[in-house]
Amino acid sequence: MIDIHSTDTQRCERIRSNPKFLQLVSSRSRLAWSLSAAVLGTYYAFMLVVAFAPQWLHAPIAEHRMLTLGMPVGAAIIIFSWLLTGWYVYSANTRFDALGAAILEESK
Amino acid sequence: MTLLRKLLLAAAGLLPASVVLAAPALGAVEKQPLNLHAIGMFFVFVLGTLAITWWAARQTKSTSDFYTAGGGITGFQNGLAIAGDYMSAATLLGLSSLVFAKGYDGFIYTIGFFVGWPIITFLMAERLRNLGRYTFADIVSYRLDQNKVRIFAAFGSLTVVCCYLIVQMVGAGQLIKLLFGLDYPVAVVIVGALMLVYVIFGGMIATTWVQIIKAVLLLAGGTTLALMAMSQFGFSYETLADKAVQAHASGWNIMGPGSMLADPINTASMSLGLVFGIAGLPHILMRFFTVPNAKEARKSVFYATGFIGFFFLVVCTLGFAAMVIIGTDPQYYVNGEIGGTLMGGGNMVAMHLAKAVGGNLFFGFLSAVAFATILAVVSGLALAGASAISHDLYATVFKKGKASEKQEMRVTRMATVGLGIIAILLGILFEKMNVAFLVGLTFGIAASTNFPVLIMAMYWKGLTTKGAIIGGFAGLICALVLVILSPAVWVTVLGHAHAIFPYDHPALFSMPLAFLVIVVVSKLDRSVRADKERDAYADQFVRAQTGLGAASASAH
């Protein structure tokens, strides 16, 4: 991308000094990293249970039932992490993009 | 494909007859009688995709159209295409077979294969789109030495693409022999020839649409199969669980975690390689450049994640349903011995289920979808490989960015033909070889070479050219050496008694090594060039965050 390196340096400088940019960066990275931590945290907590307390997942969901707790828990992990994906995409596509567009506009 | 092979490797020895695609057990696979339903339906698919290719060829005017469909794919379409790249015939066949054999353990694996996607959404999708244009080398070379980094990145991409192409071609030949009753070389040549037509004439537009159609067929086929199977249990998971426990040899054990996690290090290494390997596969990364902007890039991973999650749940349902429907029916076992070897090998569970609940016609449909799947993945791979050659090596390094679009397109097409011929020849050459090690190698290299360099280029100010290249090569060599010393090569291919490196997957060791070397070498790099590279991060960061200067969609 050699072509665009030189042209916009001053504009980048203006964007960096815009307080809105700092706000964008910090709110975006806070959300992205906390959601990543939530997904990985859930997954590794699940794996720890699998490794050290498998009987929890092997317990029937209610007395005299054949389905075990592990089934809904597993499905819930998949659905939960997908919903978090939706949360991030929604925030980014509305709030962050609007902020980003405003910053770009102001830097012209 | 990926999933299946990973699974198979992990489950080596656990699954009775390894796999359709990983090939070891396939040597024994009998050629089946011609399956006319399947061939007929596949023929319809080919005609449809060729029509699309013809249409796409008329849309493909510039290099940007060719490499990335001019950035004109919507988030939803791209989501389907990404999901299509990830959900393969092998996912359907391999995961359902794993659940069939192991119950809940198969489900645990499935979850592991899923969790990488949300992470890609949160941390990679928008930066990829904002900083890249045609290949992931665009991002890595953004502030580093263009020549060196592109040569390195093209090398990494091509290694991954070639290994993976061989695996796909061998899998295709075996699967088609099994499902369609065609000869192995015929099958390989058909796959190679169709791939060439799609890519050379239709570029990314055709490749994407082939992938979308296949993803829709696979989702529809899998869901229909699951609904038909569940209707036998009154659509009640409780009834299904009850009958599956009665039918399965392991009984109640299938309902909870069991034996498959006996080797946690191999499991951890495999899941690490899978999750981060995906984020280093050139044909997956390329998908992020086919959408018009970061907004659509994010949407596409959201849709892809939803489709993949849904499909995985469907596939697990199939595995449990098959325990009852297939597992108790002697006609699906060799010599009618229930619990013995399944007809056609351990991976045919979903196919048998299709026959059992949907008859020959539905079986034919699912076989055709499996074939279409391989074709779609192979096309994406060839396109990614060709763009590394033409865009990174030819246009940027060799011509110093002065190649005309025409020249670049011609080189891409020649490179595609070259890759196609290589893929066909190697596919035929490797027919009788155990190619399972290539799976470990593909994902090991993707996770330890492309991924660390890419993520550091996007997130770490301190990265320098030296650090990226030395670190990337350290990961590459480490992954390569560990795979050679692993049981899959050292014992199975080379015939030694014991493997020097006991695990099939190198990522747990080679990936951290790559990161470590990248950091240490970059920190020690005191050159003037390195200082400039660190300074340039500030502007790159602004662009990554705001999309300033990002490549835009072409006019049509």
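Author: Of the 556 residues in chain B, 67% are buried. The model is a predicted one. The secondary structure of chain B consists of 23 helices and 0 strands. Its radius of gyration is 23 Å, close to the 24 Å that the globule rule gives for 556 residues, so chain B is as compact as a globular protein of that length. Along the principal axes, the C-alpha atoms of chain B fill a box of roughly 70 × 50 × 45 Å. Among contacts in chain B with a separation of 6 or more, 84% join residues 24 or more positions apart.

In chain B, helix H11 (residues 184–231) and helix H15 (residues 294–325) have axes that come within 9 Å and cross at roughly 40 degrees. On the side of H11(B), the residues that make the contact include B:Leu219, B:Gly222, B:Thr223 and B:Met230. H15(B) contributes, among others, B:Phe307, B:Phe311, B:Thr317 and B:Ile325. By class, the residues of the contact of H11(B) with H15(B) are 12 nonpolar, 3 polar and no charged.

Chain B also touches chain A, in a contact that takes 43 residues from chain A and 44 residues from chain B. On the side of chain A, H5(A) gives the most, with 19 residues. That side of chain A has 28 nonpolar, 11 polar and 4 charged residues.

Key
Residues numbered from 1 in each chain as written. Chains lettered and ligands numbered in written order. Predicted model: local features only at pLDDT ≥ 70, side-chain atom pairs only at ≥ 80, totals over all residues. Contact = placed C-beta atoms within 7 Å. Helix = DSSP H or I, 4+ residues; strand = E, 2+ residues; numbered from the N terminus. Nonpolar A, V, L, I, M, F, W, Y, C, P; charged D, E, K, R; others polar. Axes fitted to C-alpha atoms, helices over the stretch in contact; angles between N-to-C directions. Rg over C-alpha atoms; globule rule 2.2 N^0.38 Å. Buried ≥ 20, exposed ≤ 12 C-beta atoms within 10 Å, placed from the backbone.
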